[in-house]
Amino acid sequence: MSVQGSKSAEQMAELASRREYVGKPQPKLTVGGTLAQALSSSSVTVIAVLIGCLWSIPTLGLFISSFRSADLIRNTGWWTGLIPPWSFTIQNYISVLQAQGMGAAFLNSMIIAVPGTILPILVAAFAAYAFSWMKFPGRDWFFFSIVALMIVPLQITLVPILSMFTAIGLTGQYAAVWLAHTAFGLPFAIYLLRNFFSALPSDLFESAHIDGAGSWTVFWKIIIPLSVPALASLAIFQFMWVWNDLLIALIFLGGNPERAPMTLAVADLVNSFGSNYEVLTAAAFVSMALPLVVFFSLQRYFVRGILAGSVKG
Amino acid sequence: MATMVAQKTAAPPRRRQRSPSRSAWIWVAPALILELVFFIWPVINTIWLSFMNKDSTTYVGLSNYARVFTDSSLLEVLRNNLVWLVLGTILTVGLGLLVAVLIDRVKIEQVIKSALFLPMAISFVGASVIWRFVFLYQPPGQTQTGLLNAILAVFHIPPQVWLIDTRFNTFAMIAVYTWMMTGFCMVIISAALKGVPDEILEAAKMDGAGRFTIFWRIMVPMISSTLTVVTITMIINILKIFDVVYVMTGGNYHSSVVAVEFYNQLFNFGNYGQASALAMLLMVAIIPVMYFNIRQIRQQEKMR
């Protein structure tokens, strides 16, 4: 263990360089070029396109199926629907949104996902601020302990938390899921945000403190505005994770159907209407709609967030 | 120089505060309390419960653990998890590496990346519905509506019940997982590949290195730390694999894994002791990985 000061200098240098690495446009691609010259570049393109198609086919199949009538889904493969004359219908979507309680489930997902995204990021930002810009005994030890928690299997924590929630009457409430997502999202969020926060230029803090700004002001007026890219990528991550989560909702909502989110509703459909495919297809797509929109509109941030979290070039 | 800056700024001077360390605790307190309640305490509690009987009334020693390694159905669960771990990690990281290298200089790189990355945005539940249409089964003689069986039909091979047949179901679900996670591996590996300096590759080519030599002797070693991080992430995720199996087979047809078995023990059989022991096993299996991961992070923080 080196001296505190030089250690944080190393961290800062590392983080600063990583930030640069993630944030700036990459230099012209090099590696594949070497390979591509060996193979002909057109054959590489063909292989790449084939892989892309292979990956898209399952989703495409569901997408097309969701616009076909129950009869057609049952008796022919979805690919036959591509051949004219087309007979597509939006009936599946109508029946899902009306009859199957999917509207309520969509709303529940929103009610769960929005606080389930904001809360952990806020708590993590507080902690990351202290971990990167304040000095207190055991700072590194606490930080690494929290990073270590990233890999504790959630399953291990579920039984005690469930009995605790049940004891205080939280099971089946939204608050139970909010709290769980906040706690489970923290290790990754703190890890990511600390990286970004500690790479911020230190002169800003000095001048702010000279002007008499307290930690609270510094946090809201300097840290948060400067970390919008990091916060955005984290928010996308957390939102997707909460929206797509099944396990936590399944257990902490205690089978309360009034509060069931989309994943739970669709999983129920899978289990109870296993053969009722026309409902299933549309339901699955409705549950994917929002994450897909988020994904396509904010893909840049999404990828950047992953890189900031895991690339150590 | 950097050292001086850091020493000056590591503890920013704060006015109007009795002790900087005391105010720091206020900032970390919410996080620490949550982690204590939601991670530390449950882990201790689960350790305790795993030594108790079904409804946590009597101490039973190690018998819950012994059952995992003697009961044939639980042994099967362990075996499935092992198959998942080995095959799932190799496939996701291997394919991610392969695709990252292949598409690195292709014009449509971004499109391919999006196609591979898209499943990341889809929930496991959604993915399982998507893949039902790949694995669908109709009795022989009828029109096959599942993609896989329809392809088999073209070659006059009898249709298979992919998710029920014990020969196939674990592999079928690993395929689904691979479909979901390869994009994640690819994006990270591809970013690391772009950090490999041009000169080194040029020099290797000048020395007459073939493309496989360049790949194995230069590219792979140079991005080894990234490959390690990706592999560790995959190992951790796959050890805990739950959603895919829960939604696709529910752990039936001999396809259960530890996390699903844990869920079944807890909520279908009400066996808290056995469920806790299974969860503890997961934890113990992950500890070496966790140790390695922390060491990796620390080294990287020190390195620069």
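This is a predicted model: local features need pLDDT of at least 70, side-chain atom pairs count only at pLDDT 80 or more; totals for chains, interfaces and linings use all residues.
User: Why is Thr46(B) called buried?

Analyst: Thr46(B) has 23 C-beta neighbours inside 10 Å. The cut-off for buried is 20 or more. Therefore Thr46(B) counts as buried.

User: Where is Thr46(B) found, and what is Thr46(B) in contact with, leaving aside neighbours within four places in sequence?

Analyst: Thr46(B) belongs to helix α2 (residues 20–49) of chain B. Its contacts beyond four places in sequence are Ile156(A), Val159(A), Pro160(A), Ser276(B), Ala279(B) and Met280(B). As for Thr231(B), that residue is 185 residues away in sequence and 28 Å away in space, C-alpha to C-alpha.

User: What makes Tyr253(B) and His254(B) partly exposed?

Analyst: Tyr253(B) has 15 other C-beta atoms within 10 Å, and His254(B) has 17. Exposed needs 12 or fewer, and buried needs 20 or more. Both counts fall in between, so Tyr253(B) and His254(B) are partly exposed.

User: What is the phi of each, and where do they lie?

Analyst: Phi is near 55° for Tyr253(B) and near 60° for His254(B). Each is a positive value in a residue other than glycine. Most residues other than glycine have a negative phi. Tyr253(B) lies in the loop between α12 (243–248) and α13 (258–267) of chain B. His254(B) is found in that loop between α12 and α13 too.

User: How do you know that the span of helix α6 of chain B agrees with its number of residues?

Analyst: Helix α6(B) covers residues 124–135, which is twelve residues. At 1.5 Å a residue, it should span 16 Å. The end C-alpha atoms are 16 Å apart, so the two agree.

User: Why is α6(B) described as largely enclosed?

Analyst: Twelve of its twelve residues are buried, so the rest of the structure largely encloses α6(B). Among them are Phe124(B), Trp131(B), Arg132(B) and Phe135(B).

User: How does α6(B) pack with helix α15 of chain A?

Analyst: Helix α15(A) (residues 277–297) and α6(B) pack at about 145°, with axes 9 Å apart. The crossing is left-handed. Leu280(A), Thr281(A), Ala284(A), Ser287(A) and Met288(A) meet Val125(B), Gly126(B), Val129(B) and Ile130(B).

User: Which residues have the most contacts inside the largest nonpolar core?

Analyst: Ala124(A), Ile190(A) and Leu193(A) do, in a core of 183 residues. Helix α8 (residues 169–193) of chain B gives the most to this core, with 18 residues. Beyond four places in sequence, Leu193(A) touches Ala124(A), Ala125(A), Ala128(A), Ala230(A) and Leu234(A).

Key: Residues are numbered from 1 along each chain as its sequence is written. Chains are lettered from A and ligands numbered from 1 in the order in which they are written. A nonpolar core is a set of buried Ala, Val, Leu, Ile, Met, Phe, Trp, Tyr and Cys residues joined through C-beta atoms within 7 Å. Helices (H or I, at least four residues) and strands (E, at least two) are DSSP runs, numbered from the N terminus. Two residues are in contact if their C-beta atoms, placed from the backbone, lie within 7 Å. The expected span of a helix is 1.5 Å times one less than its number of residues. Axes are lines fitted to C-alpha atoms, for helices over the stretch in contact, and angles run from 0 to 180 degrees between N-to-C directions. A crossing is left-handed if the near helix is turned anticlockwise from the far one by less than a right angle, and right-handed if clockwise.
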